[in-house]
Amino acid sequence: MKILADAHIPYLKGVAEQFGEVEYLPGNQFTKQAISGKDALIVRTVTHFGKEILEGTNVKLICSATIGFDHIDTAYCDANGIAWRTAPGCNANSVEQYITASLLYLADKYRFRLEDKTIGIIGVGNVGSKVEAACRKLGMRVLLNDPPREEKEYGQNEGDREKSIFVDLETVKEQADIITLHTPLTKSGKYKTYHLADTNFFNTLRKRPFIINSCRGSVVDNPAMKAALKTGRIAGAVIDCWENEPEIDRELLQMADIATPHIAGYSADGKWTATRMSLENLNSFFAAGIYPIRLMPLPEPHDPVIDLTEIEPDKQLAYAVWHSYNPMEETANLKADPDKFYWFRSNYPLRREYGAYYLKNANPKIAPLLEQLGFCFLKNS
Ligand SMILES: NC(=O)C1=CN([C@@H]2O[C@H](COP(=O)(O)OP(=O)(O)OC[C@H]3O[C@@H](n4cnc5c(N)ncnc54)[C@H](O)[C@@H]3O)[C@@H](O)[C@H]2O)C=CC1
Ligand SMILES: O=C(O)C(=O)[C@H](O)COP(=O)(O)O
């Protein structure tokens with residue numbers, strides 16, 4: 001079997017070779033010529049797979065090591081017998097870590113308590129559900145908006161809808177102090193999300209909320225968001241996903257509280273899982289019978305012990321979370337050097353999720369919350 005893989009998918013080299021002959025190329029260098037003789041592609045979101053690149057090639061399977069799949073023209077693939085697979089949920093914990101770290105940053109910067117705030121979560125799938133769980137642990141009031149799920153789970157019947165755990169978008173716009181988006185990017189259909197947050201959305205917000213976009217750039221109309229920041233219709237913005245990546249709006253970049261180069265899902269844990277799932281997809285599609293698929297173990301963090309001895313109890317939560325992941329350095333780097341958007345993504349430092357860290361001397365009042373988030377504890381601490 002001949003495989004072409006994105007060279008920036010970690011933990012793949014040396015393992016994918018069990019399946020056949022593997023060539024590696026950076027995702028932005030995939031061409032029709034490069035893919036034409038390949039049976040399978042292992043890809044990332046940076047390459048668009050539609051008619052222009054796929055037509056006339058031999059490709060039978062596209063494995064995307066990602067959750068999102070808006071970079072694949074699925075209608076073209078389905079119509080032309082090209083199978084495609086993704087890695088559902090692979091980096092959902094990583095996005096939750098990003099959102100938790102960002103919420104704690106906003107609370108610190110603007111001097112509010114998360115317990116006093118209402119968050120609206122738009123899109124409650126793998127990622128949104130993790131974000132929901134984290135926000136509840138943080139003591140926030142949570143509003144869930146997911147019309148496709150609501151329709152599927154509660155139907156059209158008014159009586160059933162009354163039992164729904166979901167609210168409509170108007171309620172989110174009316175009551176949320178913070179709105180975070182976790183939908184896929186879809187450009188057609190009853191529930192399309194392209195420019196879900198457009199000028200009208202921003203003009204009809206009631207509470208001057210913070211907006212967080214870590215799903216896909218075009219779910220938010222970026223010029224409309226910039227205008228909303230300028231007029232003060234929104235209090236601030238956390239932006240991981242942008243329209244026209246990597247050529248993002250420089251003015252919007254400078255205005256955002258947190259501005260990162262589409263890396264919310266970039267924990268090593270998430271990347272490792274994405275690679276494993278992609279190889280499993282390859283294995284089952286071609287009935288390759290490779291067992292076990294063994295990836296190298298995840299590297300330990302550089303500083304796995306978090307000593308909270310000197311940290312005031314009410315600062316321990318943020319301290320521990322930011323020790324595991326702090327978006328501020330990335331924000332400063334991107335603001336200083338936006339031309340390196342793609343480079344920052346391709347040269348991402350090791351980031352581990354909470355479970356790779358051991359806490360020492362946590363205050364007994366805060367320890368249960370840290371444990372619920374997923375941190376470990378050093379024995380006798
Ligand atoms: N920034 C990053 O690094 C990452 C971004 N993502 C993005 O996050 C998206 C969501 O990921 P998952 O939760 O795993 O996907 P998912 O498919 O599990 O959940 C998406 C949810 O959005 C809902 N939805 C669809 N249209 C909607 C609408 N118009 N309004 C409200 N809800 C709507 C769906 O019903 C579903 O429950 C991905 O499609 C991807 O684009 C995912 C991982 C990492
Ligand atoms: O999983 C997704 O969906 C994402 O957005 C990924 O985190 C994007 O990663 P790349 O494929 O662009 O490296």
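The domain assignment of the protein chain gives domain 1 (2-86 + 268-285), domain 2 (92-259) and domain 3 (305-377); such bounds come from an automatic or database domain assignment. The model is a predicted one, in which local features need pLDDT of at least 70 and side-chain atom pairs count only at pLDDT 80 or more, while totals for chains, interfaces and linings use all residues. Residues are numbered from 1 along each chain as its sequence is written, chains are lettered from A, and ligands are numbered from 1 in the order in which they are written.

Between the C-alpha centres of domain 1 and domain 2 there are 30 Å. Contact involves five residues of domain 1 and six residues of domain 2, two residues being in contact if their C-beta atoms, placed from the backbone, lie within 7 Å. On the domain 1 side, one nonpolar, two polar and two charged residues touch domain 2. In these classes, Ala, Val, Leu, Ile, Met, Phe, Trp, Tyr, Cys and Pro count as nonpolar, Asp, Glu, Lys and Arg as charged, and the others, Gly among them, as polar.

I turn to the ligands. A residue is near a ligand if its C-beta atom, placed from the backbone, lies within 6 Å of it. Around ligand 1 there are 33 residues, of which G68, G123, G125, N126 and G265 come nearest. Helices α4 (92-109), α5 (126-137) and α6 (147-154) each supply at least two residues of this shell; helices (H or I, at least four residues) and strands (E, at least two) are DSSP runs, numbered from the N terminus. The shell comprises 15 nonpolar, 14 polar and four charged residues.

Which residues surround ligand 2? They are R44, T45, V46, T66, I67, G68, N91 and G265, by class two nonpolar, five polar and one charged.

Next, helix α10. Within residues 222-231, N222, M225, A228 and L229 are buried, meaning that 20 or more other C-beta atoms lie within 10 Å of their own, against 12 or fewer for an exposed residue and a count in between for a partly exposed one, with C-beta atoms placed from the backbone. Why do they lie on the same side of α10? Because they cover an arc of only 115° around the axis, taken over the directions from the helix axis to the C-beta atoms. These buried residues pack against α9 (199-203), β9 (210-213), β10 (236-239) and α11 (250-255). The face turned away from the buried side carries the exposed residues K230 and T231.
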